[in-house]
Amino acid sequence: MYSLTSYCPNAISSNIYLLEKEGKFLLIDVGYAKGNCLTLFLHKHHASSLEGILLTHGHFDHISGLKELLPLSCPLYFGEEDASFFENSKHNGSYFFLNEDIVLPTCSFLSPMDKEEFYLPPFRFLTLKTPYHTKGGISYYFPDEKICFSGDSLFYHGMGRVDLYGGEARKMQNSINKILSLPKEVIVYPGHGKKTTIAEEILFHAHRL
């Protein structure tokens, strides 16, 4: 059995997900908030240590919370194609959306390959390269729990915008199709908004074509 808690500190932030199983924790995306909101959230849920942090892509509203957690004491998973987003506010979007230069120290991270499997006991997950909201987009699929964290590649009845740095509209559908190839019963937890299922999104996207 597992438990999943979602947290969105403000209207600008992405969803932050804390996945717990057998007393161990994974953090999926770290959101955007000023102060120590993320630290307090982890403390509230007794997540004093993490087995890993999984980032879906490099926009400021998904990565800014890393500042609270540095220096990291667990593996960080992140698409190397988005590495410049840590130090370039125009790439990560904070320059345009907040009129603010949000930059982070260069972090060491593991850059997964497409459909690579990882085991951080007791968690097992596969990384799906789902680019073109940004070039480094990754979705994380947990086959035992039948859940997927899609970042901004797939929302409930929608997808992330493709007009920002690294976005490519013509290639985005390939990433959506990759997510939709998962089993129909899989629950999808997106970077923004409410959860959905693969079955629901197959129906929705079929009507769009």
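Everything here comes from a predicted model, where local features need pLDDT of at least 70 and side-chain atom pairs count only at pLDDT 80 or more, while totals for chains, interfaces and linings use all residues. Residues are numbered from 1 along each chain as its sequence is written, and side-chain values use heavy atoms, with hydrogens and water left out.

**More on glycine 31**

- You'll find glycine 31 in the loop between strand 3 and helix 1 (37-44); helices (H or I, at least four residues) and strands (E, at least two) are DSSP runs, numbered from the N terminus.
- Is glycine 31 buried or exposed? Glycine 31 is buried, with a relative accessible area of 0%; buried means under 20% relative accessible area, exposed means over 50%, and partly exposed is in between (1.4 Å probe, protein chains only).
- Glutamate 80 sits 49 residues away from glycine 31 along the chain, and the C-alpha atoms of the two are separated by 19 Å.

**The whole protein**

- Count up the secondary structure and you get seven helices and eleven strands.
- The radius of gyration is 16 Å, close to the 17 Å that the globule rule gives for 209 residues, so the protein is as compact as a globular protein of that length. That radius is taken over C-alpha atoms, and the globule rule is 2.2 Å times the number of residues to the power 0.38.
- Along the principal axes, the C-alpha atoms fill a box of roughly 45 × 40 × 30 Å.
- Of the 209 residues, 50% are buried.
- Take the contacts with a separation of 6 or more: 56% of them are between residues 24 or more positions apart.
- The accessible surface is about 9800 Å², and 54% of that belongs to carbon and sulfur atoms. Such areas come from the Shrake-Rupley method with a 1.4 Å probe; for residues, only the protein chains shown count as cover.
- On the charge side, there are 19 positive and 23 negative side chains, with the centres of the two sets 4 Å apart. Lys and Arg count as positive and Asp and Glu as negative, while His and the chain ends are not counted. Each charge is placed at NZ of Lys, CZ of Arg, CG of Asp or CD of Glu.

- Strands of a sheet pair through backbone hydrogen bonds, either parallel or antiparallel.
- Six strands make an open sheet in the order 6-7-8-9-10-11, with mixed pairing; two strands pair if DSSP finds at least two bridges between them.
- Which strands are at the edges? They are strand 6 and strand 11 (196-197), each pairing on one side only.
- Strand 6 and strand 7 pair in the antiparallel sense over five bridges, and a hairpin links them through two residues.
- One of the pairs here is tyrosine 119 with its bridge partner in strand 7, arginine 124.
- Strand 7 is mostly covered, as six of its seven residues are buried.
- Strand 7 also pairs with strand 8 in the antiparallel sense, over four bridges, and leucine 128 stands opposite serine 139 in strand 8.
- Next along, strand 8 and strand 9 (residues 147-151) are antiparallel over three bridges, and phenylalanine 142 has isoleucine 147 in strand 9 as its bridge partner.

- Strand 2 and strand 3 pair in the antiparallel sense over five bridges, and leucine 19 stands opposite leucine 26 in strand 3.

- The peptide bond from leucine 70 to proline 71 is cis, with omega near -5°, and proline 71 lies in the loop between helix 3 (66-69) and strand 5 (76-77).
- The bond from proline 121 to proline 122 is cis too, with omega near 5°; look for proline 122 in the loop between strand 6 (116-120) and strand 7 (123-129).
- Glutamate 22 isn't a glycine, yet its phi is positive, near 55°. Glutamate 22 is in the loop between strand 2 (16-21) and strand 3 (24-28) and counts as exposed at 62% relative accessibility.
- Tyrosine 132 has a positive phi as well, near 95°. Tyrosine 132 lies in the loop between strand 7 and strand 8 (138-142) and is buried, with a relative accessible area of 18%.

How values were computed:
Contact = heavy atoms within 4.5 Å.
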